[in-house]
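Please read the following report alongside the sequence and the three-dimensional structure.

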Amino acid sequence: METTIKNNGISNNLMTIREMLVSDIPHIMNMEKELFTLPWTKDMFLQEIHTQHAYVLLKEDDNLLIGYVCGWLMLDEFNITNLAVRAEFQKMGLGEMLVKFIIGKLLLQKCFQFLLEVRESNMPAIKLYAKFGFEIIGKRKKYYNHPLEDALVMQLDMRKLP
Ligand SMILES: CC(C)(COP(=O)(O)OP(=O)(O)OC[C@H]1O[C@@H](n2cnc3c(N)ncnc32)[C@H](O)[C@@H]1OP(=O)(O)O)[C@@H](O)C(=O)NCCC(=O)NCCS
C-alpha cells in the first residue's frame with residue numbers, strides 16, 4: 001500500500017492522518033460524548049490545536065473522522081492527553097496506528113520520553129499502551145470524575161527499550 005506525506009501527516013489509499021483543524025472540533029465533540037463519561041470541551045481542543053500536536057484520522061473515501069490523538073511537549077517529555085477511535089472502527093489496529101504516528105513525530109524532534117494518565121479500569125487503552133512498552137509508574141488518586149476513579153500514570157522511555 002502506498003503511503004505519502006500529506007499536510008504534515010501521512011496518507012494511504014484508505015486512511016489519512018493530518019493535523020487537527022478547528023473545523024474538526026464538532027465531529028470530535030460528537031465522538032467525545034459517545035466515548036467518554038467526561039467529554040472534553042471545545043476550548044480544550046482549541047488549546048490542543050495551538051500546542052501543534054493534535055492529529056485526526058480520516059477515512060479517505062468519505063473523509064469521515066474516525067479517530068484523534070493529541071498531547072503536549074513539556075521540555076523533553078511528551079504527554080499524550082487524548083486518544084480515541086470511533087466505536088465502530090475499534091479493534092482494527094487504528095488506535096495503535098495513531099499512537100505509532102504521534103510517537104514517530106516526536107522521535108523526529110528527538111523526544112524519547114512519553115507520559116500519560118489513563119483510567120484504572122480502561123483495559124483496552126492500558127493494553128494498547130503496554131504494547132508500546134509503556135509501564136505503570138504511579139497512580140493519581142481520585143484523578144477522574146464521573147465516575148470517580150484513580151488514574152494510572154504510564155511512562156515510556158524509548159532510549160531504554162531493547
Ligand atoms: C483505547 C482505544 C483508542 C483503542 O483503539 P483501537 O483502535 O480499538 O485499538 P487497536 O485496534 O489499535 O488495538 C491495539 C491494542 O490495544 C489493545 N486493545 C484494544 N482494544 C481492546 C479491548 N477491547 N480489550 C482489550 N485490549 C484491547 C490490544 O492490546 C490491542 O492489540 P491486539 O489487537 O494485538 O490485541 C479505543 O478503545 C477507544 O477509543 N476507547 C475509548 C476512548 C479511550 O478510552 N481512550 C483512551 C484514553 S487514555
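How do the residues of the shell around the ligand divide into nonpolar, polar and charged? In this predicted model, the residues of that shell comprise 11 nonpolar, 4 polar and 4 charged ones. The ligand has 19 residues around it, and those that come nearest are Q90, G95, E96, P124 and L128. Helix 4, which spans residues 123-131, is among the elements that supply at least two residues of the shell, together with strand 6 and helix 3. The largest share, 6 residues, comes from helix 4.

The surroundings of I102 can be given in detail: when its neighbours within four places in sequence are left aside, I102 is in contact with H53, Y55, V69, G71 and I80.

Helix 1 has a buried side, on which I25, I28 and E32 are found to be buried. These three residues lie on the same side of helix 1 because they cover an arc of only 60° around the axis. The buried residues of helix 1 pack against helix 2, residues 42-51, and against strand 5. On the face turned away from that buried side, helix 1 carries the exposed residues P26, K33 and E34.

Which strands does strand 9 pair with in the antiparallel sense? Strand 9 (residues 149-157) runs antiparallel to strand 7 (residues 113-119), with 7 bridges joining the two, and strand 9 also pairs in the antiparallel sense with strand 8 (residues 135-144), over 6 bridges. Individual partners can be named for both pairings: L116 has M154 of strand 9 as its bridge partner, while G138 stands opposite V153, likewise a residue of strand 9. As a general point, side chains in a regular strand alternate between the two faces of the sheet.

Strand 8 and strand 9 form a hairpin with 4 residues between them, and H146 lies in the turn. The loop between these two strands also holds P147, and the peptide bond that joins H146 and P147 is cis, with omega about -5°.

Positive phi values in residues other than glycine are described for K91 and for H146.

| Residue or bond | Angle |
|---|---|
| K91 | phi near 60° |
| H146 to P147 | omega about -5° |

K91 is placed in the loop between strand 6 and helix 3, whereas H146 belongs to the loop between strand 8 and strand 9. Why does K91 count as exposed? K91 counts as exposed because it has 9 C-beta neighbours inside 10 Å, and a residue is exposed if 12 or fewer other C-beta atoms lie within 10 Å of its own. H146 likewise counts as exposed, because 9 C-beta neighbours are found inside 10 Å of this residue.

Methods:
Residues numbered from 1 in each chain as written. Predicted model: local features only at pLDDT ≥ 70, side-chain atom pairs only at ≥ 80, totals over all residues. Pairing = 2+ DSSP bridges. Contact = placed C-beta atoms within 7 Å. Near = placed C-beta within 6 Å. Nonpolar A, V, L, I, M, F, W, Y, C, P; charged D, E, K, R; others polar. Buried ≥ 20, exposed ≤ 12 C-beta atoms within 10 Å, placed from the backbone. Arc of directions from axis to C-beta.
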